[in-house]
Amino acid sequence: MTIGGNLKKLRVAQGLTQDQLAEKLHVTRQAVSNWERNVSHPDLDQLEAIAAALGVEVTTLLYGPPQPYRPSRKRAGVTVGLAAAAVTAFAVCHGGLEPWLVQGYQRGYPGYGLLYELLFFGPVLGLLLGIAAGGVLGLRFPLTLERRARQRCLAGGVVCLLLPLALRLGTGVSRWMLLLWAHGGSAMGLLAGLAAGLLLFLAGNPGQGRGEG
């Protein structure tokens, strides 16, 4: 929409006539009419005065009011799919695999214990929940970043996953950090995985054009 079209739409929304707006701006009604019909255009000072009179930003006059975010069908499908897959994996691990793995470990099969550690290690569960949360938030907010920011999110996500593992193994970690992990390792691991899931979701989230909706 043109500047004139935006001006008319905003003026009508405010319940102002051309005469009333002209009086606020100390110009003639014909000047307002010419602006709205794109016969002439207000200069920068006049744009600022118009924006102030209508209670909007200058950018709103230039580009129109911001449109609410509506994800495309493809984006909605991807985000819902990721969320559903993560929640399903979480439910399967807790509801189906956990009793089976515990029973196998109690019968003396060490491989079952190792698999249990891998699947139920706090960061892994948090990672699934973080990806699911990212998918849900992606339906409400754009969640799009520049390439460099996505790279930083990727690095941060990897760090969030590796740090709890380092604390668990106790390699190169100070004593106070090990004590902190011992007292709250499960919750800390879950939070670390949650952060990793969100960061990795942002890192892999494709860019969005201005007109998507």
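Helix axes are lines fitted to C-alpha atoms over the stretch in contact, and the angles between their N-to-C directions run from 0 to 180 degrees. The model is predicted, so that local features need pLDDT of at least 70 and side-chain atom pairs count only at pLDDT 80 or more, while totals for chains, interfaces and linings use all residues. Residues are numbered from 1 along each chain as its sequence is written, and side-chain values use heavy atoms, with hydrogens and water left out.

The protein contains ten helices and zero strands, where helices are DSSP runs of H or I with at least four residues and strands are runs of E with at least two, numbered from the N terminus. Of its 213 residues, 29% count as buried, a term for a relative accessible area under 20% with a 1.4 Å probe and protein chains only.

Helix α1 (residues 3-13) packs with helix α4 (residues 44-54) at an angle of about 25 degrees, their axes lying 11 Å apart. This makes α1 roughly parallel to α4, the word for angles under 35 degrees. The contact, meaning heavy atoms within 4.5 Å, is made by Ile3, Leu7, Leu10 and Arg11 of α1 together with Leu47, Ile50 and Leu54 of α4.

Asn6 also belongs to α1, and this residue is buried, with a relative accessible area of 3%. Leaving aside residues up to four places away in sequence, Asn6 touches Met1, Thr60, Leu61, Leu62, Tyr63 and Gly64. Among these residues, Leu62 has its backbone oxygen 3.5 Å from a polar atom of the Asn6 side chain.

How values were computed:
Buried means under 20% relative accessible area, exposed over 50%, partly exposed in between (1.4 Å probe, protein chains only). A polar contact is a pair of N or O atoms within 3.5 Å; within protein, one must be able to donate a hydrogen and the other to accept it, and residues adjacent in sequence count only if both atoms are side-chain atoms. Angles under 35 degrees count as roughly parallel, over 145 as roughly antiparallel, 65 to 115 as roughly perpendicular and the rest as oblique.
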